[in-house]
Structure formats: C-alpha cells, structure tokens
Amino acid sequence: IEAAVNDGPLKGRHVLVTSGPTHEPIDPVRYIANRSSGAQGAAIAQALLGLGAKVTFVTGPADVAAPMGVDLIEVQTAAQMQAAVKAALPADAAVFAAAVADWRMANTVDEKIKKDGNGLPVLEFAENPDILASVCAEKQKPKLVVGFAAETQDVIENATAKRKRKGCDWIVANDVSPSTGIMGGSENDVTLISKDGAEDWPRMGKDQVAQRLAEKIAEALG
Ligand code: CTP
Ligand code: CA
C-alpha cells in the first residue's frame, strides 16, 4: 500500500507547503493574526501527497488538521515559519498558502498587560519578513514557486503586481471580500496568474482547486 501511495507523477519530488495563520504574541495571553482556517493549504498538501510527492507542511495554528503523511512542522510566528521554510529547502516546488501576519509587536512583554487605570495600551508594530519573497531571492529557489494573493479589490491587478514584486512563478489570486463568502467556506474562486497571463477558474470546492493546482504543478515539473 505504501508503494501505491507514493506513486504518481510527483514521485521523488519534494514540495514545501506553508499553511494557516501565524500568531504574533502581544503578551503571554494575546496575539494578532490573520483569519485563516488552513483549509486550502491542507487540501493542497493532500492533493500533492496523492500525486506521490514528499510534502513538507509548515503550518501555523490552523482550524483544519494537517493531512496524514506530510512531514509536519508546526509554528506560531512568521519568524518561526521563515526559519522552518529555510530549513526545509531544497525543494522542487513550494506553495505559500499561509496567511502570514504582516506585522509583529516591536517589543513583546513577558507579563500580561493589565487594565490598570493608566489609559489604553499603545502597541508598536514591526514588519515581518516576507517569507515568499525571501525564498524567491534565494540561490536555492525551488524550480516552481507558487504564492497566494487574497485581495478585496482590483484582484487581478493587485495579484499581477504582487507576482512581479515577489518574484514567484505563479500567484493563486482570490477575492476574499465578505460578500463572496469565500473566507471560512469550503469553496474558492481563483485566478491563476503566471507570466503568460491570467487563467480564471470556475468557483469550486477547495479540494478541487487543490487537485487542479497539484496537477498543474506536476505538469510544470515534468
Ligand atoms: N507571504 C509570506 N510572508 C509574508 C507575507 C506574505 O510568505 N510575510 C506570502 C503569502 O503566503 C502569500 C503571498 O505572500 O503566498 C501574498 O501574501 P499577501 O498577504 O497577499 O501579500 P503581501 O505582500 O503581504 O501584501 P498585502 O497583505 O499588503 O496585500
Ligand atoms: Ca499580507
């Protein structure tokens, strides 16, 4: 059965997947984070496994469980995610599905911040490293790097600019405006952006998006 599971067009290939949110601590009991169930990332890892890939799955604290069979690395913060990603290279392909917090606290405190009557706390932020962009700039850049772009306006325009800015091969763009019902749901409505242009996929289950993406990755790696 093992042999059958590890068979497929991605047999012998190593694919790295980031997934879920990151949590950036404010104090021991509070954090800032992006909304992310981790469902799309987990589905992608599952689909890649199904095509025979060895999958390293670097995930923040997600609602959805990691698929069985991945090399699982659980992290909390963007800094930890970046370190785990670097340590997992080299890879043939990498998919950055994580909703990384853009900012962390400039200085975290070891004690819980109290409502002590001295006014509201003022939080100072520092920008997190861009994990996707840093991997694209690496000597060890995987042959195929896929980013995501969750946008609420000018989706194609923003995602196209994002692809160029970050130096990745493909961007999976989606409209996450509240009115679409995509956030937290089981479906996704994506456009795949590459240097050759934009490919609009019909709205479908996150599992189906994952399957189609995994097949395209297999095709691209040859
Ligand atoms: N990403 C990353 N590290 C970060 C921020 C984003 O690896 N610190 C990755 C995400 O996993 C995703 C892609 O970059 O694949 C785009 O993330 P997004 O948040 O849409 O892009 P940003 O560059 O952060 O731009 P903004 O949030 O301002 O739209
Ligand atoms: Ca961001």
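A polar contact is a pair of N or O atoms within 3.5 Å; within protein, one atom must be able to donate a hydrogen and the other to accept it, and residues adjacent in sequence count only if both atoms are side-chain atoms. The model is predicted: local features need pLDDT of at least 70, side-chain atom pairs count only at pLDDT 80 or more, and totals for chains, interfaces and linings use all residues. Residues are numbered from 1 along each chain as its sequence is written, chains are lettered from A and ligands numbered from 1 in the order in which they are written, and side-chain values use heavy atoms, with hydrogens and water left out.

**Ligand 1**

The table lists polar contacts to oxygen atoms of ligand 1.

| Residue | Protein atom | Distance |
|---|---|---|
| F96 | polar backbone atom | 2.6 Å |
| L132 | polar backbone atom | 2.9 Å |
| K162 | polar side-chain atom | 2.6 Å |

The protein covers 77% of the 560 Å² of accessible area that ligand 1 has on its own (Shrake-Rupley method, 1.4 Å probe). The shell around ligand 1 holds 14 residues, counted when a heavy atom lies within 4 Å. The closest are F96, A98, P129, K162 and K166. Nine shell residues are nonpolar, one is polar and four are charged. Which elements each supply at least two residues of this shell? They are α4 (131-136), β9 (144-151) and α5 (155-166). Helices (H or I, at least four residues) and strands (E, at least two) are DSSP runs, numbered from the N terminus. β9 gives the most, with four residues.

D102 lies in the loop between β6 (93-96) and β7 (103-105).

**Backbone**

Most residues other than glycine have a negative phi, and most peptide bonds are trans. L89 and P90 are joined by a cis peptide bond, with omega about 5°. P90 is in the loop between α3 (78-88) and β6. D154 is not a glycine, yet its phi is positive, about 40°. The loop between β9 and α5 holds D154.

Terms used. Ala, Val, Leu, Ile, Met, Phe, Trp, Tyr, Cys and Pro count as nonpolar, Asp, Glu, Lys and Arg as charged, and the others, Gly among them, as polar.
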